[in-house]
Amino acid sequence: MADYDVVVIGGGPGGYVCAIRAAQNGLKVACIEGRGALGGTCLNVGCIPSKALLHASEMLHEAEGNFRKMGIKASGLEVDVPQMIAYKQEAIDVNTKGIEFLFKKNKVTYVKGWAEIVAPGQVKVGDEVLNAKNIVIATGSEPAALKGVEVDEKRVVTSTGALELTSVPKKLVVIGAGVIGLELGSVWGRLGAEVTVVEYLDQITPGQDGEVVKHFQRILGKQGFKFVLGAAVQGVETLKTKLKVTYRLRKDDSEQTIDADVVLVATGRKPYTAGLGLDRLGVEMTDKGQIKTDGHWRTNIPGIYAIGDVIEGPMLAHKAEDEGMAAADVIAGRHGHVNYGVIPGVIYTAPEVASVGKTEEQLKAEGRKYKVGKFPFLANGRAKANLVSDGFVKILADAETDRVLGAHIIGPGAGDLIHEICVAMEFGAAAEDIAMTCHAHPTYSEAVREAALACGQGAIHA
Ligand code: NAI
């Protein structure tokens with residue numbers, strides 16, 4: 001029986017970061033992971049592999065598109081799907097090995113196997129029981145099942161199977177116009193699939209700023225995406241040579257069908273807590289199956305904490321990482337803090353979509369007085385030169401104090417540009433603070449400064 005200050009269950013971005021931070025805090029730490037590799041969903045079947053395939057497919061898209069205009073004649077381009085999947089696997093392997101190295105460096109014990117909390121302070125893995133002064137549950141999430149749809153991960157796939165297809169489907173139907181549907185739809189669309197997205201709501205990417213959504217949908221449409229909105233998928237029938245997706249249009253309740261070679265189910269994820277023994281321990285849960293925590297990541301059972309996708313909040317790797325660090329600090333008797341008002345969200349399509357803070361719709365609903373500073377990439381020299389000038393930066397600032405309340409970017413490098421605004425918001429900055437900061441020319445970042453200028457005296461180039 002081994003004794004630890006902290007036993008972290010789950011080796012994903014929340015769990016492994018928590019384990020490293022706890023060790024840096026001078027605690028004796030073990031991290032238990034059952035999937036045979038560290039990094040969780042994000043690294044093994046999520047963020048990293050999807051970004052590898054997004055990158056590869058975008059390269060092809062560029063070569064087929066802008067190359068000619070730039071004076072590069074590329075011919076004989078071919079897609080080798082197995083090689084692309086192998087490249088993706090390499091990206092995964094190099095990163096998972098990296099975490100193992102970090103565990104060794106920080107003296108975190110990596111325990112392989114599935115964990116069960118047999119009693120407060122006791123975690124069982126196989127035949128071994130670890131004594132733990134503190135337990136952190138960081139077991140993540142899994143794709144939510146959709147009634148009437150049976151996933152086989154070959155033809156009817158979740159994000160996991162969509163990262164492992166052996167050839168480009170002719171017709172891909174995506175259920176759900178959320179982040180997963182649009183990112184993985186982009187991958188296979190660029191590689192040649194005809195992509196139709198069936199979405200329950202009347203818009204894509206619910207929760208995003210409305211103006212961005214409209215622009216985004218138009219761009220995706222130009223890229224070949226077809227959208228069926230306001231449609232609730234009822235089921236998927238597996239026939240010998242094709243799949244038949246049935247949906248009901250909400251506006252007239254009519255039933256329609258669409259054929260597909262592959263169906264991607266991307267209708268959300270749910271917390272993964274199976275086998276942990278939480279029922280028996282009496283760990284309080286929300287009605288959505290999340291573990292209830294008290295704002296300091298403590299559950300109702302003393303010594304048991306929870307972070308990441310298993311608790312409330314956006315299911316994002318970086319939110320889990322922040323909670324992992326904060327929980328490790330709280331356990332070490334230090335001050336752990338996460339600013340939930342400044343968590344960026346990025347959709348890694350081309351162009352990228354990034355947001356932080358409030359949307360215009362939220363500010364309106366809250367009755368806040370705000371001003372809008374907008375700047376199009378069409379007026380940004382670098383974006384024009386690089387032929388990626390579709391999109392804009394939009395900054396929302398308090399009408400009286402000028403304090404930045406939110407920002408929404410659709411355009412080149414949006415996922416990186418957003419962080420300048422995150423830092424500004426963390427410091428409680430005004431739009432004028434961003435506007436007065438010298439930005440290098442020529443960069444996409446200048447569009448952020450111009451949007452900040454547009455909150456005040458006005459942008460220079462638009
Ligand atoms: P999501 O919640 O983003 O979108 C699911 C969509 O499916 C919604 O628009 C919903 O209205 C629709 N839907 C639900 N039931 C339906 C039905 N029966 N018929 C038609 N449409 C239906 O979920 P998604 O895309 O599966 O992502 C899961 C989680 O993973 C999210 O929390 C997301 O933030 C996270 N994620 C984040 C990424 C990123 O940050 N880049 C990348 C991938 C995932």
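Trainee: How many bridges join strand β9 to strand β10?

Mentor: Strand β9 (residues 171-175) and strand β10 (residues 194-198) run parallel, where strands (E, at least two residues) and helices (H or I, at least four) are DSSP runs numbered from the N terminus. This is a predicted model, in which local features need pLDDT of at least 70 and side-chain atom pairs count only at pLDDT 80 or more, while totals for chains, interfaces and linings use all residues. Residues are numbered from 1 along each chain as its sequence is written, and side-chain values use heavy atoms, with hydrogens and water left out. Within this model, the number of bridges that join β9 to β10 is five.

Trainee: What is the order of the strands in the antiparallel open sheet?

Mentor: Two strands of this sheet, β19 (residues 352-357) and β22 (residues 404-411), pair in the antiparallel sense over six bridges, and Gly 357 has Gly 406 as its bridge partner in β22. The sheet has five strands, and their order is β18-β19-β22-β21-β20. The edge strands are β18 (345-347) and β20 (370-376), and the twist from one strand to the next averages 10 degrees. Read across the sheet, then, the order is β18-β19-β22-β21-β20.

Trainee: Which residue has a backbone N or O atom 2.9 Å from an oxygen atom of the ligand?

Mentor: The ligand is surrounded by 23 residues, each with a heavy atom within 4 Å of it. Among the polar contacts, meaning pairs of N or O atoms within 3.5 Å, a polar side-chain atom of Glu 183 lies 3.0 Å from a nitrogen atom of the ligand, and a backbone N or O atom of Tyr 200 also lies 3.0 Å from a ligand nitrogen. The backbone atom at 2.9 Å from a ligand oxygen belongs to Ile 180.

Trainee: Which elements give two or more residues to the shell around the ligand?

Mentor: By class, the shell has 16 nonpolar, four polar and three charged residues, where Ala, Val, Leu, Ile, Met, Phe, Trp, Tyr, Cys and Pro count as nonpolar, Asp, Glu, Lys and Arg as charged, and the others, Gly among them, as polar. The elements that give two or more residues to it are α7 (179-190) and β12 (231-238).

Trainee: Which residue does a cis peptide bond join to Ala 350?

Mentor: Most residues other than glycine have a negative phi, and most peptide bonds are trans. The bond from His 441 to Pro 442 is cis, with omega near 0 degrees, and Pro 442 is found in the loop between α14 (431-435) and α15. In the loop between β18 and β19, the residue joined to Ala 350 by a cis bond is Pro 351.

Note on methods:
Two strands pair if DSSP finds at least two bridges between them. Axes are lines fitted to C-alpha atoms, for helices over the stretch in contact, and angles run from 0 to 180 degrees between N-to-C directions. A polar contact is a pair of N or O atoms within 3.5 Å; within protein, one must be able to donate a hydrogen and the other to accept it, and residues adjacent in sequence count only if both atoms are side-chain atoms.
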